[in-house]
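Subject: Two-chain model, handover and notes

Hello,

Please find the structure below, followed by my notes on it.

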Amino acid sequence: MVVPILKQGRYLIATIPTALTDADLQHLRDGLVAQVGRCRSRGVVVDITALDVMDSFAVRTVRDIAHMTRLRGAETVIVGIQPEVAFSMVELGLTLEDVNTALDLEEGLALLDKKTQRVGKEGEARGP
Amino acid sequence: MGRERRRAVTSDGPAAAPRSKARAALDVPRETSIPVRSDVDVVLARQKGRELAAALGFGPTDLTLIATAISELTRNIVLYAKCGRIVLRGIEQDGKLGIVVVARDDGPGIPNVAAALQSGFSTSGGLGLGLPGVRRLTDEFDIVSEVGRGTTVTVKKWKQ
């Protein structure tokens, strides 16, 4: 299953449609990291609302997506972690560390606006 | 046409989902055995486990905990033993319903089981086997491993 990556202005949005195999998740990671460059994106939203399970592999891959895209100059925000999934992640001792999370797509986009605006302002410090 | 369709749906409904706890209890024990060969089977095994646990009447949080434990156990088989088997069974003991998950492989085995049960927890998402996590997610945990012969992990989760 290939997860479609949508371009929305300066952001990329990937909505995971269902449970994914390890290979699918890695494919998504590679696709996002490549596309951030191709689209010159400043932000990435990964919507995992439909993921039934966040086990150690899924958590690691999501964390890798955030770290790799940040190295490429884009902020990633993970949205849609369900209450049961959050519970099982805490029980397992899995953390997303410094990865941005938000409740849903709307909140995630708002967070990206805030994060990337600051980067923009610093870059355009000579403006009026 | 519309009426026929509606009738078909209502007659299918109760059979698809157990109507009561008593009914679920009657269906126990049920057993599913899933051969594990690739990462596709990781998803299949945890979906089968979730289905069985749902039929036994587990709540949504427990369903996710059970599916997560199965996911970790199945992935260990794929990563370390290449192939093996997941057996899922509904059980009843002292009036309590539960689910048993047996993850069995004929892989290389674990040289130091005690270490595998300790390490990995703090480095979660790292290279650990995830066994300490599986232990935390379940009520009973048992592991038998012999180097060169394989590993069998048996976990149980009881309905609260």
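In which loop is Arg40(A) found? Arg40(A) sits in the loop between α1 and β3 (43–47) of chain A; helices (H or I, at least four residues) and strands (E, at least two) are DSSP runs, numbered from the N terminus.

Some conventions before the rest. This is a predicted model, in which local features need pLDDT of at least 70 and side-chain atom pairs count only at pLDDT 80 or more, while totals for chains, interfaces and linings use all residues. Residues are numbered from 1 along each chain as its sequence is written, and chains are lettered from A and ligands numbered from 1 in the order in which they are written.

Positive phi values

Most residues other than glycine have a negative phi. Arg40(A) has a positive phi, near 50 degrees, and is not a glycine. Arg40(A) counts as exposed because it has 10 C-beta neighbours inside 10 Å. The cut-offs are these: a residue is buried if 20 or more other C-beta atoms lie within 10 Å of its own, exposed if 12 or fewer, and partly exposed in between, with C-beta atoms placed from the backbone.

In chain B, Asp94(B) also is not a glycine and has a positive phi of about 50 degrees. Asp94(B) lies in the loop between β2 and β3 of chain B and is exposed, with 5 other C-beta atoms within 10 Å.

Chain B

Chain B has 6 helices and 5 strands, in the order α-α-β-α-α-β-β-α-α-β-β from the N terminus. Of its 160 residues, 34% count as buried. Among contacts in chain B with a separation of 6 or more, 62% come from residues 24 or more positions apart; two residues are in contact if their C-beta atoms, placed from the backbone, lie within 7 Å.

Helix α3(B) (residues 39–55) has 17 residues and reaches 25 Å from its first C-alpha to its last, close to the 24 Å expected at 1.5 Å a residue. The expected span is 1.5 Å times one less than the number of residues. Its buried residues include Val42(B), Val43(B), Ala45(B), Gly49(B) and Leu52(B), and also the charged Asp41(B), Arg46(B) and Arg50(B). The cover over the buried residues of α3(B) includes α1 (22–38) of chain A, together with β1 (31–36), α4, β2 (84–93) and β3 (96–105) of chain B.

Helix α4(B) has 22 residues and reaches 31 Å, close to the 32 Å expected at 1.5 Å a residue. It is mostly covered, with 16 of the 22 residues buried.

α3(B) and α4(B) pack at an angle of about 150 degrees, with their axes 8 Å apart. Axes are lines fitted to C-alpha atoms, for helices over the stretch in contact, and angles run from 0 to 180 degrees between N-to-C directions. The two helices are therefore roughly antiparallel to each other (under 35 degrees counts as roughly parallel, over 145 as roughly antiparallel, 65 to 115 as roughly perpendicular and the rest as oblique). The contact of α3(B) with α4(B) has 9 nonpolar, 3 polar and 6 charged residues. Here Ala, Val, Leu, Ile, Met, Phe, Trp, Tyr, Cys and Pro count as nonpolar, Asp, Glu, Lys and Arg as charged, and the others, Gly among them, as polar.

Val102(B) is in strand β3 of chain B. Val102(B) counts as partly exposed because it has 18 C-beta neighbours inside 10 Å. Apart from neighbours within four places in sequence, Val102(B) is in contact with Val87(B), Thr152(B) and Thr154(B).

Between the chains

In total, 20 residues of chain A are in contact with 22 residues of chain B. On the chain A side, α1, α2 (56–71) and α3 each supply at least two residues, and α3(A) gives the most, with 6. By class, that side has 9 nonpolar, 4 polar and 7 charged residues.

α3(A) (residues 83–92) packs against α4(B) (residues 60–81) at an angle of about 50 degrees, with the axes 9 Å apart. That makes α3(A) oblique to α4(B). Residues of α3(A) including Val85(A), Phe87(A) and Leu92(A) meet residues of α4(B), among them Pro60(B), Thr64(B) and Leu65(B). This contact has 5 nonpolar, 4 polar and 2 charged residues.

Regards
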